[in-house]
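Hi everyone, thanks for coming. Let me put a structure up on the screen, and then I'll talk you through it.

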Amino acid sequence: MFAPSNHASAEEDGQGKLVYVIPIVDEVERGLEAFVKRTTSEAVEANADHVIFEINTPGGRVDAAENIGEILQDLEIETSSFITVRALSAGSYIALNTDNIFMKPQTSMGASGVITGDGNAADKKAQSAWLASMRGAAASKDRDPLYAEAMANEQIDLPEYGAPVGEFLTLDANNAVEVGYAEAIVSHRTELLHELSLSGAEVVETSPTVAEGIARFLTHPVVVPILLSLASIGIIVELYSPGFGIPGSIGIASLIFYFYGHMVAGLAGYETLLLLLLGIVLIILEIFTPGGILGFLGLGAIVGALFMSSDDVGHMAMSIAIALVASIIVAVVLFKTIGLEKGIFRKVILSDPTAAELGYVSTVNRNELIGREGVTATPLRTAGTAVFDNERLDVVSDGGFINADVPVKIIKVEGSRIVVSEIKR
C-alpha cells in the first residue's frame with residue numbers, strides 16, 4: 001500500500017525508476033480488457049516499478065471488469081488508481097483491485113449495482129456473485145468491505161455518506177479518504193508522482209493501438225447488434241438486386257468487422273473464423289444444389305460462430321434476434337414492393353406464364369385422334385386398351401362397361417386421357 005515519501009526534495013524522488021501509465025477510459029468491455037492485458041505485460045517485461053491506472057469510466061461489463069481485476073491481482077508490480085473524473089460501477093471494482101487509490105477533487109467512485117443489458121436489475125444469483133467480488137476486491141487490499149458492498153447493495157444504510165436504504169453508495173473524494181478507500185486527493189499527475197515518491201521516475205504513457213481502438217468500438221454492446229443487423233439486411237437487399245453491389249458489400253463488410261473486432265479483443269480464434277467460412281460455403285452450395293439441408297447447416301454454422309465469438313450468450317442471442325427481426329421487416333417490404341422479379345430470384349424462380357399458347361404443355365395433346373374408330377383389345381372397366389389402325393392406345397370409356405373386341409370411336413382427347421364411346425351397329 002501507499003507510504004508517503006520522506007525525501008527532502010521531491011525532484012530527487014524516484015530517480016532511475018520506471019512508471020507505466022495505463023488509461024481506463026470510456027466503457028469497460030472486452031476490448032479494454034485486451035488493452036490492459038497487453039500494456040501490463042509490457043510493464044512486466046520492461047521491469048516497471050509502478051503502474052498507474054488513470055480512470056474515467058461510467059462502468060460497463062461485469063465479466064470484463066472481473067477479468068481486468070484478475071490481471072491486476074496477478075501483477076507483482078505496485079499499482080495505483082488515479083480517478084480523474086469518475087470510477088463508477090465496473091470502474092470502481094477495477095480501482096479496488098489496485099494497491100492505492102488517488103482521486104482528483106470533485107471526482108467520485110461507486111454506484112456499482114449490476115444490471116442487465118436492457119437496464120433492469122440482474123437476477124439474485126448474478127447480484128450475489130457481484131457483491132462477493134466487490135467485497136473480495138476491497139478486502140484483498142485491506143479496505144473495509146462494507147463500503148464496497150454498499151456500492152452494489154442498496155439495502156445497506158449509510159445515510160452519513162448520502163446512501164440511505166434504497167440508494168447505492170457513491171463516494172466523493174473527501175469521503176473516500178475518510179473511509180480509507182483513497183490515500184489522498186491530488187490535482188494532477190505530477191502531484192500524484194510526488195505522493196508516490198516517483199517525481200524523478202521515467203514515465204511511459206500507453207495508449208490503445210489503432211487495432212485495439214477499433215476492436216473496442218466493434219465489441220461495444222451497442223455496436224454488435226448494429227453490425228449483425230447491417231450484415232443480415234445487406235445480404236437480404238442484395239438478393240433483390242441485380243448483380244453484386246453496395247448492399248452485399250455492406251453486409252459482408254459488417255460481418256468481417258464484427259469478427260475482426262472480436263479476434264483482436266481475444267474473443268474469437270481461428271476456429272471461429274473457419275466455422276464462419278464453412279457456413280458461407282454451405283450457403284453458396286445451397287444456391288446450386290437446392291434442397292434446404294446445406295442451407296440450414298450453413299446458417300447453423302454461422303450462428304454457431306457468432307456464439308463462439310461471444311462469452312455473453314444472452315447478449316448474443318438478443319443481438320441475433322434484433323438482426324433477425326430487422327431482416328424480416330426489410331424482406332417483407334422488398335417482397336411487397338419488388339416481388340421476386342429482381343436479383344437472384346429472377347434466375348431461380350420461374351416467373352413466365354405456362355400457357356399452352358406459349359408452348360408450355362405437360363403432355364402432347366393428340367387432338368387429331370378425335371373421330372378415329374378402332375376395336376377394344378381389352379374390356380374397358382372403364383379403362384383399358386384399344387387398337388386404332390394398328391396403334392394400341394390406353395383409353396377410357398365414356399361411362400359404361402365395354403367388352404373386348406367391340407368397335408369404339410374416340411370422342412375426346414384431354415392430354416393423355418383418351419375417351420372412347422361404343423359404336424352401336
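I'll go from the overall picture to the cores, then a surface patch, and finish with some strands.

First, a word on how to read this: it is a predicted model, so local features need pLDDT of at least 70 and side-chain atom pairs count only at pLDDT 80 or more, while totals for chains, interfaces and linings use all residues. Residues are numbered from 1 along each chain as its sequence is written, and side-chain values use heavy atoms, with hydrogens and water left out.

Overall, the protein has 14 helices and 13 strands. Those are DSSP runs numbered from the N terminus: H or I with at least four residues for helices, E with at least two for strands. Of the 425 residues, 42% are buried, where buried means under 20% relative accessible area, exposed means over 50%, and partly exposed is in between, using a 1.4 Å probe and protein chains only. Taking contacts (heavy atoms within 4.5 Å) with a separation of 6 or more, 62% join residues 24 or more positions apart.

Now the inside. A nonpolar core here is a set of buried Ala, Val, Leu, Ile, Met, Phe, Trp, Tyr and Cys residues joined through side-chain atoms within 4.5 Å. The largest has 52 residues, and Met109, Leu169 and Tyr181 have the most contacts inside it. A second, separate core has 15 residues, including Leu218 and Ile302.

And which residues make the nonpolar surface patch? They are Val210, Ile214, Ile252, Ile256 and Tyr260, covering about 470 Å². Patch residues have over 30% relative accessible area and no salt bridge; like charges are joined within 9 Å and nonpolar side chains (Val, Leu, Ile, Met, Phe, Trp, Tyr) within 5 Å. A salt bridge, for the record, is a side-chain nitrogen of Lys or Arg within 4 Å of a carboxyl oxygen of Asp or Glu. Helix H10 gives the largest share of the patch, three residues.

Last, the strands, which pair if DSSP finds at least two bridges between them. S9 (residues 373–376) runs antiparallel to S12 (residues 407–414) over three bridges, with Gly374 opposite Val408. S9 also pairs with S10 (residues 383–388), antiparallel over two bridges, and there Thr376 partners Ala386. Six residues lie between S9 and S10 in their hairpin.

Thanks, and over to you!

Key. Accessible areas come from the Shrake-Rupley method with a 1.4 Å probe; for residues, only the protein chains shown count as cover.
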